[in-house]
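Take a walk through this fold with the sequence at hand.

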Amino acid sequence: MPAAASALLLFTPSSAPQTLKPRPLLPFQTLITRRSVSLWAPPHPRLALGLSVRAAVAIEKEIPENERPESFLRAADDPFSSASAAPPSVRARFERMIREAQDDVCAAIEAADGGGRFKEDVWSRSGGGGGISRVLQDGGVREKAGVNVSVVYGVMPPEAYRAAKGEPGAGGGDSSVKAGPVPFFAAGISSVLHPKNPFAPTLHFNYRYFETDTPKADAPGAPRQWWFGGGTDLTPAYIFEEDVKHFHMIQKQACDKFDPSFYPRFKKWCDDYFFIKHRGERRGLGGIFFDDLNDYDQEMLLTFSTECTKSVVPAYIPIIERRKDMPFTEQHKAWQQLRRGRYVEFNLVYDRGTTFGLKTGGRIESILVSLPLTARWEYDHQPEEGSEEWKLLDACINPKEWI
C-alpha cells in the first residue's frame, strides 16, 4: 500500500483483488489524529451510489509523549498489564511484531546510511492507542526515510459496516433492532525509503491488522471480524535485473513458506494496485500486495505478516549496498526526479490515505511524509527508445515476471 508512512489504511473484505477502480470517498471513512490517519475505505461501489449513511468525522489531537510505552494497547489487550491474565492476544503479538520491525528496519537503514539518524516522535490518543513516528532526512545515503507504527482504537457506523459486508439492511429500512456503533482496532507499520543515488531504488512497505469488537448484549452490532493487509514494493529509476530478481525472489520465498499461490496472486495484485491510471503505467516494478485477508487461519496470517516484515531488510539492504556509491550524472539524477514525480502523482491522486487526510484536516507533515524531498516534471518528456530510461518506462507500462 502506497500510504504515507504514518497512514494506516483499513479496508473491508472484498470479493476480488482485481476490482481496483477508484471510488468516491465518504464522510465517515476516516479517523484522524495529527500524526496518524486511519482510513476505512469501503470497497463496494454501492456505498458511492446514493447509500444514505451519516456519521461525523472524528478528529482527535495527538498527545505528545516523552517516552515510548511498552505497549499502546488498552489494559484488557496488554499482555504486560497486571489487569490481563489471558495469554497475549493477536492484537498484542501484532503490535510487538511491528514495534520490532520498526527497530530492525531503522537500525539497518542507519547502518547503511553512514551517519544519518532517525528523529522520533511518540504520541498517544485519549481514546486509546498511539504511535511512534521516525523520520531520517538528508542522510549520507538516504534523502528521506519514514518508518512509522500506529495502534488505533475507534468506532465506525453500523450502516457502513453492514453495507461493506453486503448484509441485509445496509441501506436503512425498517429494522426493529438498532445496532450501535461498531468498535474497531487497527495496528500497522508503514514505511517509504527514498535514497539519494538515482541507481538505488525507493522502497515502500506497509503491514496492518484490523479487528471489530464483539458487540455487547445490550448494544447489538456487527459480529467480531478481523483481517490482514499489506505489501512491499520496489520503485527504481533504473533497472538492474539482478536487483529486481533478488527483491522478487525474497518476496516469493516469504510467500512460498505459507502457500505457493501467494506470490503469483499477490504479485499481480501489486501490479494492478500501483497503477497510475492517467499515465497508463505502474509506479514501479512491483512486489507483493494483499488486503482483506481473513479466509485463512488467523495464526497463519499473523505468522505470514511477520515473515513479510522480516523479509524487508534482506530484500532491500543488499541492493542499497550495491548501488549507493555508484557514480552518476546530472542526466541520471534528472530521470530519477521525473520518476519521483510519478511517485508523487500516485500518492496525491490515488493513495486513499493521503487524499483523505488532505481533505479532512490531518497533520500535513505526517500525511506527506511518504513524498520525496525533490521531484521534477518536464513537459511531454519522452525517453529515447532503447535507452535505459525507456527500458524502465516500458517495464512500468508492461509488468514483467522477474523470476
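F346 is buried, with a relative accessibility of 1%; buried means under 20% relative accessible area, exposed over 50%, and partly exposed in between, with a 1.4 Å probe and protein chains only. This is a predicted model: local features need pLDDT of at least 70, side-chain atom pairs count only at pLDDT 80 or more, and totals for chains, interfaces and linings use all residues. Residues are numbered from 1 along each chain as its sequence is written, and side-chain values use heavy atoms, with hydrogens and water left out.

Next come the aromatic rings. The structure holds 25 aromatic pairs. Rings of Phe, Tyr and Trp (its six-membered ring) pair if their centres lie within 6.5 Å; planes under 30 degrees apart count as stacked, over 60 as edge-to-face and the rest as tilted. One of the pairs joins Y273 and F274. Y273 is buried at 8% relative accessibility, and F274 is buried at 3%. F274 also pairs with F346. That pair is tilted, with 5.6 Å between the centres and 40° between the planes. It links distant parts of the chain, 72 residues apart: F274 sits in the loop between helix 4 and strand 12 (275-276), and F346 in helix 7 (residues 330-349). Helices (H or I, at least four residues) and strands (E, at least two) are DSSP runs, numbered from the N terminus.

Now step into helix 4. The helix covers residues 262-273, 12 residues in total. From first C-alpha to last it reaches 16 Å, close to the 16 Å expected at 1.5 Å a residue; the expected span is 1.5 Å times one less than the number of residues. Its buried residues are F262, Y263, F266, K267, W269, C270, D271 and Y273. Two of these carry charge partners: D271 and K267 meet in a salt bridge, 2.7 Å from N to O. A salt bridge is a side-chain nitrogen of Lys or Arg within 4 Å of a carboxyl oxygen of Asp or Glu. Why can they meet? D271 and K267 are four residues apart in helix 4, so about one helical turn separates them. An α-helix has 3.6 residues a turn, so residues three or four places apart point the same way. D271 is buried at 9% relative accessibility, and K267 is buried at 2%.

Other salt bridges lie elsewhere. A search of the whole structure finds 26 of them. R134 forms one with D103, the closest N and O atoms being 3.0 Å apart. R134 lies in strand 7 (residues 129-137) and D103 in helix 1 (residues 90-113), so the pair ties together parts that are 31 residues apart in sequence. R134 is buried at 7% relative accessibility, whereas D103 is partly exposed at 35%. Another bridge joins R376 and E378, with 2.7 Å between the closest N and O atoms. R376 is partly exposed at 37% relative accessibility, and E378 is partly exposed at 33%. Salt bridges that share partners also join R68, D103, E120 and R134 into one network.

R134 leads on to K119. K119 lies in strand 6 (residues 119-124). K119 is exposed, with a relative accessible area of 53%. Beyond its neighbours within four places in sequence, K119 is in contact with S133, R134 and V135; contact means heavy atoms within 4.5 Å.

Strand 14 (residues 287-293) gives another view. Seven of its seven residues are buried, so strand 14 is largely enclosed by the rest of the structure. Strand 11 (residues 225-235) pairs with strand 14 in the antiparallel sense over five bridges; two strands pair if DSSP finds at least two bridges between them. In strand 14, L293 is the bridge partner of F228.

Finally, step back to the whole protein. Its secondary structure comes to 10 helices and 14 strands. Of its 403 residues, 57% count as buried. Among contacts with a separation of 6 or more, 75% come from residues 24 or more positions apart.
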